[in-house]
Amino acid sequence: MATTTATSAMRAGVPAILVLSAFAFGTPAMGAQNMREGKQVVDTVCAACHAEGKDGAPRIGDRVAWTPRLAKGLDVLVDAAVNGHGGMPSRGGVSQLEREELRSAVLYMFNYGLPPVAPPPEVAKADPRHKMVAGTDIYFGAMPAESLRANAATKASVPSGKGYYHLNISLADQRTGAQVNDAKVTLRVSDGMSVQTSALSPVRANNAVSYGEFFKLTSGGAYNIQAEVTRPGAQRPIVTNFEFRAP
Ligand code: HEC
């Protein structure tokens, strides 16, 4: 069963890519020196139950199982991991684990296996954060800077000031489903009055690469996000548009 694919997340309408962009900062190079990575925490602690789904634990990478839980908010899940939840002991039974480490672990379990196959066309059409253009699946995500600031591993790279969002584009080849990690991506972000244009930087998380940058979105209105994607060897860039409303 294809439960461990991004397809399931897309089908359930969950911003998998959003979460991925937060996690992407949690690389050891940027994190605190003594911080355990999500993978390490999961492999050594959480997997004991979450690998097999013991007592109903949502399985690693099972986005069908994680999606409704994540809908409660990442912080709520991290709280549950800190305090214990149902059949799960506090901090997975290892009291030394810090909150940030648990957060990375939760993100790791949710994101595990991304990005897999391209979603079927009918699903793609229904998802406003996903466009298919010229053989490329293009996913848009946005994450408020506040939630990245809350994470010790990521906060150093977050601009100070109000109203910043990390806008993120993930790409997959439509035919093979493989992620596209060597494209150039530029975003043109407009609220109808002003325009901000910026080339996105590659954002790496485990095996996944996406593209992201911070934008200040303070108008309170709707933004048009125009993505320009140039894949290696392409004659001309792919251009597509997303709508985004900064809540
Ligand atoms: C001893 C088994 C066990 C271990 C170890 C364990 N979990 Fe769990 N976990 C569970 C079970 C069982 C559930 C489902 C509980 C429920 O929904 O009632 C769960 C659920 C969760 C949830 C969802 C909570 C919610 O609000 O829906 C999160 C988040 C979570 N675990 C994180 C972790 C993390 C992170 C680790 C490793 C540090 C970990 N767990 C280790 C058994 C475990």
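## About the model

This is a predicted model, in which local features need pLDDT of at least 70 and side-chain atom pairs count only at pLDDT 80 or more, while totals for chains, interfaces and linings use all residues. Residues are numbered from 1 along each chain as its sequence is written, and side-chain values use heavy atoms, with hydrogens and water left out.

## The ligand and its shell

Let's start with the ligand. The space it takes is the largest pocket. Here a pocket is found on a 1 Å grid over the protein atoms alone, as an open set of points where a 1.4 Å probe fits, with protein on both sides within 12 Å along at least five of seven lines. A molecule sits in a pocket if more than half of its atoms lie within 2 Å of the pocket's grid points.

Around the ligand there are 26 residues, and Cys46, Cys49, His50, Arg69 and Met88 come nearest. A residue counts as near if one of its heavy atoms lies within 4 Å of the molecule. By type, the shell divides into 17 nonpolar, five polar and four charged residues. In this scheme Ala, Val, Leu, Ile, Met, Phe, Trp, Tyr, Cys and Pro are nonpolar, Asp, Glu, Lys and Arg are charged, and the others, Gly among them, are polar.

Helices α3 (38-50), α4 (63-70), α5 (74-83) and α6 (99-111) each supply at least two residues of the shell. The largest share, five residues, comes from α3. Helices (H or I, at least four residues) and strands (E, at least two) are DSSP runs, numbered from the N terminus.

## The cysteines

The structure holds zero disulfides, a disulfide being a pair of cysteine sulfur atoms within 2.5 Å. Cys46 is buried, with a relative accessible area of 12%, whereas Cys49 is partly exposed at 27%. Buried means under 20% relative accessible area, exposed over 50%, and partly exposed in between (1.4 Å probe, protein chains only).

## Two positive phi angles

Most residues other than glycine have a negative phi. Asp55, though not a glycine, has a positive phi of about 55 degrees. It sits in the loop between α3 and α4 and is exposed, at 67% relative accessible area.

Arg91 also has a positive phi, near 50 degrees. Its place is in the loop between α5 and α6, where it is partly exposed at 23%.

## Pairs apart in sequence

Ala81, in helix α5, is buried at 10% relative accessibility. Its C-alpha atom is 8.3 Å from that of Arg103, 22 residues apart along the chain.

Gly61 belongs to the loop between α3 and α4 and is buried, with a relative accessible area of 0%. Arg188, in strand β4 (residues 184-190), is partly exposed at 33%, and its C-alpha atom is 9.3 Å from that of Asn241, 53 residues apart along the chain.

How values were computed: On a 1 Å grid over the protein atoms alone, a cavity is a set of points where a 1.4 Å probe fits but cannot get out, and a pocket is an open set with protein on both sides within 12 Å along at least five of seven lines; lining residues have an atom within 4 Å of a point.
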